[in-house]
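Look through the structure below before reading on. The paragraphs after it take one region at a time.

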Amino acid sequence: MEQERLHPEATGELSNLLYDLCLAAKIISRHVRRAGLTDILGAHGSVNVQGEQQQNLDVFANETVRDAVQHTGRVCVTASEEDEEPSPVPANRLAGKYVLLYDPLDGSTNIDVNASIGTIFSIHRRVTPGGPGRLEDCLQAGRRQVAAGYIVYGSSTVLVYTTGGGVHGFTLDPTIGEFLLSHPDIRTPAVGKYYSVNESNWNKWTPGVQRVVGAFKNGEGPVQAKNARYIGSLVADFHRNLIAGGVFLYPADTKSPQGKLRLLYEAAPLAMIAEQAGGAATDGRAPILDQQPKGLHQRTPLVLGSRDDVAFVTGVLSAEGGSAGGAR
Ligand code: FDP
């Protein structure tokens, strides 16, 4: 609301959409906290559009976010990492001016082992004139996002978001059921103390990627050796690095030549947060936020976090002639 006051033209719809997402986050958080007690752990038995086994909590989180926003007249379409096609608001409902893209439960292989997971969201203004939203509303470059954020269900539940006026973090106080401002105006260190990468992919990487990971491990020139931290849950790895300083890499490799992570649901929203906090995000060559998506579930290599560390990786990989280790 404070941010909203800086924009006299604002109608309050975006703030209300963020409130809708907070409600969804509280419901998902409650389920995550009780996951071992209720019958919700484990595989759902279905496979999502990415060919991955869906977990019960994935399905629950996907529907919870959609239900929280679809009937409020604030969005015209939603698109989720879990669904093949966008979900326009039903024709008998009011279609709003915003577009919501989201990853309902990121890091889902961590669900059954009680490690941190998260929800990521990205909000655009619609580009089509009216009625239920369409695919083209969803396929916008990250630079056009009006807001982006995530909720990490960790040792506490934390919401981090930006509307382009800095990055702010709120912690859920379960005793009153509200998110309270705990991390105003987050700035990420220019040089990180951590690097986060799945090093088991070493043999699938290009020499350039092997060089940068070697530099983070052992130091190289001005690059100081760093400590490794990798949970395998992008939101949790990103959040730690945002606060403490660090660089996250998921480069292209021989198994995933386009990278593994999704541009619209993961890379673009976290890139907006990284840039707003003074960090950077590239695909190893160009800023993530400048990528024009061609498909809803497009993947991208990702280098994300502290500004100088991302610049080092991008320098090495650009010289090698690919995007984060992939072929041009
Ligand atoms: P997950 O497959 O568990 O959903 O987005 C997918 C993601 O997790 C990211 O959260 C995480 O950073 C990455 O994949 C982990 O991939 P690896 O297991 O290949 O390291």
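Predicted model: local features only at pLDDT ≥ 70, side-chain atom pairs only at ≥ 80, totals over all residues.

Residues are numbered from 1 along each chain as its sequence is written, and side-chain values use heavy atoms, with hydrogens and water left out.

Begin with the largest nonpolar core, which has 33 residues. A nonpolar core is a set of buried Ala, Val, Leu, Ile, Met, Phe, Trp, Tyr and Cys residues joined through side-chain atoms within 4.5 Å. Buried means under 20% relative accessible area, exposed over 50%, and partly exposed in between (1.4 Å probe, protein chains only). Leu21, Leu100, Leu105, Phe121, Ile123 and Tyr153 have the most contacts inside this core. Two or more residues come from each of several elements, including helix H3 (56–69) and strand S5 (98–106). Helices (H or I, at least four residues) and strands (E, at least two) are DSSP runs, numbered from the N terminus. Helix H2 gives the largest share, nine residues. Apart from this core lies another, of 29 residues, with Ala148, Val235, Ala274 and Leu302 among them.

Next comes an open sheet of five strands in the order S12-S11-S13-S17-S15, with mixed pairing. Two strands pair if DSSP finds at least two bridges between them. S15 and S17 (residues 302–305) are antiparallel and share three bridges; Ala281 has Leu304 as its bridge partner in S17. Helix H7 (residues 263–276) lies across S15 and S17, at about 30 degrees to S17. For such angles, axes are lines fitted to C-alpha atoms, for helices over the stretch in contact, and angles run from 0 to 180 degrees between N-to-C directions.

How many of the 11 residues of helix H6 are buried? In H6 (residues 234–244), nine are buried, Phe238 and His239 among them. Gly245 follows H6 and has a positive phi, near 95 degrees.

Asp309 counts as buried because its relative accessibility is 4%. Leaving aside neighbours within four places in sequence, Asp309 is in contact (heavy atoms within 4.5 Å) with Ala190, Val191, Gly192, Phe216, Lys226 and Val247. With Lys226, Asp309 makes a side-chain to side-chain polar contact (2.9 Å). A polar contact is a pair of N or O atoms within 3.5 Å; within protein, one must be able to donate a hydrogen and the other to accept it, and residues adjacent in sequence count only if both atoms are side-chain atoms.
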